[in-house]
Amino acid sequence: MTLSHEEQYQKSWQERQEFAENMLPLIGRLYRNKGVEVVVYGKPLVNATTIELIKAHKMVERYEGQKLRLRESFPILEAISQLDLAPGRIDVGKLAYGYQHKNSSNGASLQDYLKRELAELLDNPDSVKPTDVVLYGFGRIGRLLARLMLERSGPSSKLRLRAIVVRGGKEGDLEKRASLLRRDSIHGLFNGSITVDHENQGIKANGTFIKVIYANSPSDVDYTQYGINNALVVDNTGVWKDDKALAIHFESKGTARVLLTAPAKGEVPNVVYGVNQDMILPEHNIVSAASCTTNAITPVLKALNDEFGIRNGHVETVHSYTNDQNLIDNFHKAERRGRAAPLNMVITSTGAASAVAKALPELKGKLTGNAIRVPTPNVSMAILSLNLDKATSKDELNEFLQHTALFSELQDQIDYTSSTEIVSSDLVGSRYAGVVDSQATIVDGDRCVLYVWYDNEFGYSVQVIRVMYEMAGIKYPTLPQSR
């Protein structure tokens, strides 16, 4: 009997769902038991749903011009799950596409193909000890960092969230902290279970106990009394911004290193992961993860400068309002920022253009910058108006940026969209430092204008997590390597 078009489509859909459902337990066990994160063309699959897994496969056709079917990637994933692997990141989509469509196997069997492509994880036993993490401050970035660490908690996790430090301590405070972690007006509900532990003054989330420490200053805290030693303290307060001020954290017994989630002054290295993380040396016990805007634009600027050269340019940031602004008109020490944030576009300054030079010295003095705060609560955009060293075209520039987003060493920082309908709310939850909007690209000879979206909260927090791994000496390769 010949199936109708509708019946064929339904049968195909059911087949994809079945493969996705069979893949999800393998993905979960690989991460929990071996510390192996599975992705498809950069899209993370840990804690994904069946629909998200199907959509990740569907996106491959946009990049490669040819479909990648779940029945092609499933045997790859199944074979990977049988290997004795060290922690790392494996792109099962690229492995499957290379094996099925690019003849990357060179006639080898699937097992030999995987052993060759994943040799770095097969020959590299895991000897890294876990690092205790303390979040000093529990605002927007602090809570997102907690979510990111908790969604990947387990016996193989090398960053262990042990405590948060906040002011307060009044009755009901623990419930408030837990509620803010559980519910977020922008990023939605926490994916997991959260309960309050009054007896031990903490929060239990996804099997992790997080001690809540109340203190007015780092000098009031002794982490060792809670069994926390050699901790990486992540300062989310923004109160202390240079090396001398941030050194106050070392008055807390048990602190080993400090990471600031804001641009730093003085001698503190400002790190944009993917660009200059190699500058973090063992003697650097205080590091800054720079700003959300600097993280969004620096990877794109690096890629462009390496390929085309940048003579000079201007960065205009269209930025969502932040807690620094007022909800209604009131006094503010900064110009214009006292006006009601939900009601006005506000011209203000940004240090992102000059901060790029700290991560990318070859652009020092070549960029100017300004910012406009707009009445949206999250997701921002950087408009890069650049004069290049050589002429190009819109198609050539976009093709280069798409390849960079998929196959370069900046693939975790740069995403690329060709949608003609995308708007800011579509980028909430993006795990990339910046997303190139290719449909908005303008090129005229050696002049170009690029539009780069970024989730200034979540995307930035993911970059912070990457810096935390680097500071903890945890280096997980992404395989297969880009070619």
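A: A patch is made of residues with over 30% relative accessible area and no salt bridge, where like charges are joined within 9 Å. A salt bridge is a side-chain nitrogen of Lys or Arg within 4 Å of a carboxyl oxygen of Asp or Glu. In this predicted model, local features need pLDDT of at least 70, and side-chain atom pairs count only at pLDDT 80 or more, while totals for chains, interfaces and linings use all residues. Residues are numbered from 1 along each chain, and side-chain values use heavy atoms, without hydrogens and water.

Q: Which residues gather in a patch of negative charge on the surface?

A: Asp and Glu count as negative; here E307, D395, E396 and E399 form the patch. Helix α12 (residues 394-407) supplies its largest share, 3 residues.

Q: Is D395 buried or exposed?

A: Buried means under 20% relative accessible area, exposed over 50%, and partly exposed in between, with a 1.4 Å probe and protein chains only. D395, which lies in helix α12, has 62% relative accessibility and therefore counts as exposed. Its C-alpha atom is separated by 25 Å from that of Y97, 298 residues apart along the chain.

Q: How many helices and strands has the protein chain?

A: Helices (H or I, at least four residues) and strands (E, at least two) are DSSP runs, numbered from the N terminus. The protein chain has 13 helices and 20 strands. Of its 483 residues, 53% are buried, and its C-alpha atoms fill a box of roughly 75 × 60 × 45 Å along the principal axes.

Notes. Patch = residues over 30% accessible without salt bridge, like charges linked within 9 Å, V, L, I, M, F, W, Y side chains within 5 Å. Areas by Shrake-Rupley, 256 points an atom, 1.4 Å probe, with all protein chains shown as cover. Charge placed at Lys NZ, Arg CZ, Asp CG, Glu CD.
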